[in-house]
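These are my notebook entries on a structure that was new to me, written in the order in which I looked things up.

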Amino acid sequence: MKLARFLLGRIASLVFVLLVVSLLTYAVFVLLPADPAQLACGKPCTPERLQTAREFMQLDHPWFQQWFDFVRGIFTGRTFGTGGAQFTCPAPCLGYSFRLNAPVTELILGRFPVTASIALGAAVLWLLAGVASGVVAALRHGTVIDRGLMVAAITGVSAPSYLVGLLGILLFGFTLDMVPVSGYVPFRESPVDWVWHLVLPWVVLALLNAAIYTRITRGQMLEALSSDYVRTARAKGIGESRVVTRHALRNVAIPITTLFALDLGGLLGGAVITERVFSIAGLGALLMDAVGSTDVPLLVGVTVFTAAIIVAANLAVDVVYSLLDPRVRVGRP
Amino acid sequence: MDDQSGAPLLRVRDLDISFGSPAVRGASWQLQRGRVTALVGESGSGKSVSAMAVLGLLPGTATVTGSIVFSPDDRPGADSDRTELVGASADTFRAVRGAIFSLVSQEPMGAWNPVLTLGDQVAEAVQAHRGRGHRSPPLDRSDLRSRVHHLFTEAGLRDPARIAGSFPHQLSGGQLQRALIAMALAQDPVAIIADEPTTALDVTVQAEILDVLRRLQAERGTAVLLITHDMGVVADLADDVVVMQQGRVVEHAPVGELFSRPRHPYTVQLLASVPRLEAHHATAAGVSGTAHLSGQTASPADHPPTTDREITEPDLPTVRLEQVGVVHPGRKGAAPVVAADGVDLTISPGEVLGLVGESGSGKSTLAQVIGGLLAPTSGRVLVDGVDLQHATRAQRNGRRRTTGIVFQDPASTLNPRWSVGRSVAEPLRLHTDIDDRARRERVAGLLERVRLDPALAQRFPHELSGGQRQRVAIARAVALRPRLLIADEPTSALDVSVQASVLALLEELQADLGFACLFVSHNLAVVEQVADTVAVMKSGSIVEHGPAARVLQDPRHEYTRALVAAAPVPDPHLQRERREARWAVKA
């Protein structure tokens, strides 16, 4: 009951945040000098043709009405133009890209599985590698292993992903010829090729975050291992592995999970650099494309979609947090 | 001490423990079967470190030499069963922990894993030495549950099912400490190592916990290694006492002998520094404890605050509280917390008012209200005739100049990045126009006044001891010759010998400067020593208020009586009488 109310409250605030994001995005793009109608009208562009294009794109309305139409379109869909030159954009309509001649929603959904594949695979890798090496470093605190892992972590944090990515392509793609150097194969077509094409991007993307997670896990573990409750657990006479997993790691998992959900949410909005380096057509590439060609409807659509994912990740954090930590558990005194 | 037949349960010989610098030096002592041995000493004496060495729970940076021998059996010829614990393997320690020696530690809140229920954590202790690789099979679910509930009941927890299903943050300190004892009993250990088991608890809860430990020792024959700095606790529970100073054992004697004929000068000093409540001696001389307490039951249990008329009230009191209430709004959904409720209180010029009560009674809240650090929700606060709520900026500033505050923990109330001199000079800089040289001279004078070397002005707080830091805080508080000094548990973080000297300093300053003082403390003996009048606070209300000697020696309110009865006295014989009197009243 309380959980339902909590969730409803969170979802309401989520919707509010998205409205504000879309409003701000609209305001910003109206203030930009670029005129989508000008770009679409082509050459020679007579004032009449420009006016027609404006009306067609509904740019002749005041900007807040454009925004209102955009929001309404998410629920009801929209239609542009009349008669034979009619474009429909079914709900949920995040706008219509006149440049690519397609509804933005369709474009995003075409790219999202690609980005999700990159993000989820990399996330699993960095979480496993980061937490594992963080725990090992903490348990071997002060030894050569600890110091070695910390040096590796600092290197990982410092190395720019485009550099690591290019070096990876050079070494594993060309010199050793082990993996394809670019492109993407959908999972449904061939799971093996899917993995094969993504393994290098995963590793490159995971490297940076794994380094960060190693450092955080190590710090949190050291704190937990010196805590009173771990001493209590040891004083019971239970085995050290149980002390580490059930007592120390269980507590460390709380901040790590929070961080993980937020990082994953951010990445699902597009891994711009990684997609560019490996020539993978994901959301990040779509966004770069939209920026490069001043495709305002596409820009707005992708921005709102990305914001939605990040806000949803925050909601997930709240829910997971309350499941992991009884002190903030919803519906309990 | 070697008059016991057979081998002691634990024999420690020439124990040295070092963390780079030595923490324990050549300590030798024993724990006898079924008896309570107290390791006593001030912070840094090596008592906790010694106890952790028995369990092998010292950090990896510690080097341990010497001998700690555990003998499971005292029959002659059972020598082969002896185990040397210094340098023992991880497996040996694991076998010993929980099953032979279990631990009850100091901070009950921190000792529990915050994300597991108490039931789960106790169940884990029950199963620790069962199952694969052990002699006994693991218990099944229902047996395990009933065993856990039984343990909670044995530790004096009345609602075992609810306790088992609770997370640590849902329970009180006293409940958590009882549950820790339950967990310590889970494997029927030969001895419990209790490391300051009651230090974090209120005095009435402390008395209950000590009762539980005593009962277990009597009923189960469990030996207890008690680590404490509180001589009252020692007198209440211990059979044998080991006094430690700077890592060395200076005296090792049965409790009666130690208190009546202390041999080592340090023991004498330690016993002399413990503030004693006169009321206890009044009980011993003449009126027997039982009669004294049972006589009180005739008076109504919850009569309104008894305020003695004999407190003389001059025209303008330094502090006057009229119907002061403080309500902290509860977090969303939670009930608001009433920290003070209709409090009327006055402090006359030059009067030292001791405000006593248990944690959460609202005494610190009241101190903050009087200090102008917290606005009351209702009522009026008049300091020197100025209504704090409606004071002008200048009036408030003036009031700050004439109010000095000393807090509990000097380590966190002195800016760690400021030199001592700068901290003491700050009020002078803010409220006076004197030049740098004059200010330096004043600071030097103030430091001398609190018995510190003026050269310490250049030092930083971390270079000072706890007692020195509190002296600095006092110097800062009296820098502007305040008319009112608020001292909130000023000696609670200090060792007992340091506490005695800080209290003496406060008394001396008060006599010289003549300020009125609000002295907040949970320690009745300390309050009796410094206060002219005493106000007793419970759940946000003053339940009794009067001259110190009257309130503490002839308490009229039931709650004050309970507080006085629960405070342990550093005298084993007297403490036993008082304990029996307390039980008689309960029964």
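**Entry 1, a salt bridge in chain B.** I began with D387(B) and R380(B), whose side chains meet in a salt bridge with an N to O distance of 3.7 Å. I kept in mind from the start that this is a predicted model, and that the distances I note are computed from it. Are the two partners buried or exposed, I asked, going by relative accessibility? D387(B) comes out at 12% relative accessibility and therefore counts as buried, whereas R380(B), at 37%, counts as partly exposed. My reminder to myself was that side chains of opposite charge can pair when their charged atoms come close.

I then searched the whole structure, and the count over all chains came to 34 salt bridges. One of them is formed by E124(B) with R246(A), and here the closest N and O atoms are 2.7 Å apart. Where do these two residues lie? E124(B) belongs to helix α4 of chain B, residues 118-127, and R246(A) to helix α10 of chain A, residues 240-268, so this pair joins two chains. I looked up how far each is covered, and found that E124(B) counts as buried because its relative accessibility is 4%, while R246(A) counts as partly exposed at 23%.

Next I turned to E208(B) and R178(B), whose side chains also meet in a salt bridge, at 2.9 Å from N to O. Helix α8 of chain B (residues 203-220) holds E208(B) and helix α7 of chain B (residues 173-184) holds R178(B), so the pair ties together parts that are 30 residues apart in sequence. With a relative accessible area of 33%, E208(B) is partly exposed, and R178(B), at 13% relative accessibility, counts as buried because the limit for that word is under 20%.

I also noted a network of salt bridges, in which D211(B), R214(B), D236(B), R579(B) and R582(B) are linked.

I looked up S361(B), which has its place in the loop of chain B between strand β14 (352-356) and helix α14 (363-370). S361(B) counts as buried, at 4% relative accessibility. What does its side chain reach? The side chain of S361(B) comes to 2.8 Å from the backbone oxygen of E358(B). When I set aside the neighbours within four places in sequence, I found S361(B) in contact with A339(B) and also with M537(B), K538(B), S539(B) and G540(B).

How many disulfides does the structure hold over all chains? I found one, formed by C89(A) and C93(A), with the two sulfur atoms 2.1 Å apart. The torsion about the S-S bond of C89(A) and C93(A) is about 105 degrees, so I noted the disulfide as right-handed. Each of its cysteines is covered: C89(A) counts as buried at 2% relative accessibility, and C93(A) counts as buried at 0%. While I was looking at cysteines I also checked C517(B), which is buried with a relative accessible area of 5%.

Taken along the principal axes, the C-alpha atoms of chain A fill a box of roughly 85 × 60 × 35 Å. Chain A has 333 residues, and 42% of them count as buried. Its accessible surface comes to about 16,900 Å², and carbon and sulfur atoms account for 69% of that. Finally, I looked at the contacts in chain A with a separation of 6 or more, and noted that 63% of them come from residues 24 or more positions apart.

Terms used. Residues are numbered from 1 along each chain as its sequence is written. Chains are lettered from A and ligands numbered from 1 in the order in which they are written. This is a predicted model: local features need pLDDT of at least 70, side-chain atom pairs count only at pLDDT 80 or more; totals for chains, interfaces and linings use all residues. Side-chain values use heavy atoms; hydrogens and water are left out. A disulfide is a pair of cysteine sulfur atoms within 2.5 Å. Buried means under 20% relative accessible area, exposed over 50%, partly exposed in between (1.4 Å probe, protein chains only). Helices (H or I, at least four residues) and strands (E, at least two) are DSSP runs, numbered from the N terminus. A polar contact is a pair of N or O atoms within 3.5 Å; within protein, one must be able to donate a hydrogen and the other to accept it, and residues adjacent in sequence count only if both atoms are side-chain atoms. Contact means heavy atoms within 4.5 Å. Accessible areas come from the Shrake-Rupley method with a 1.4 Å probe; for residues, only the protein chains shown count as cover. A salt bridge is a side-chain nitrogen of Lys or Arg within 4 Å of a carboxyl oxygen of Asp or Glu.
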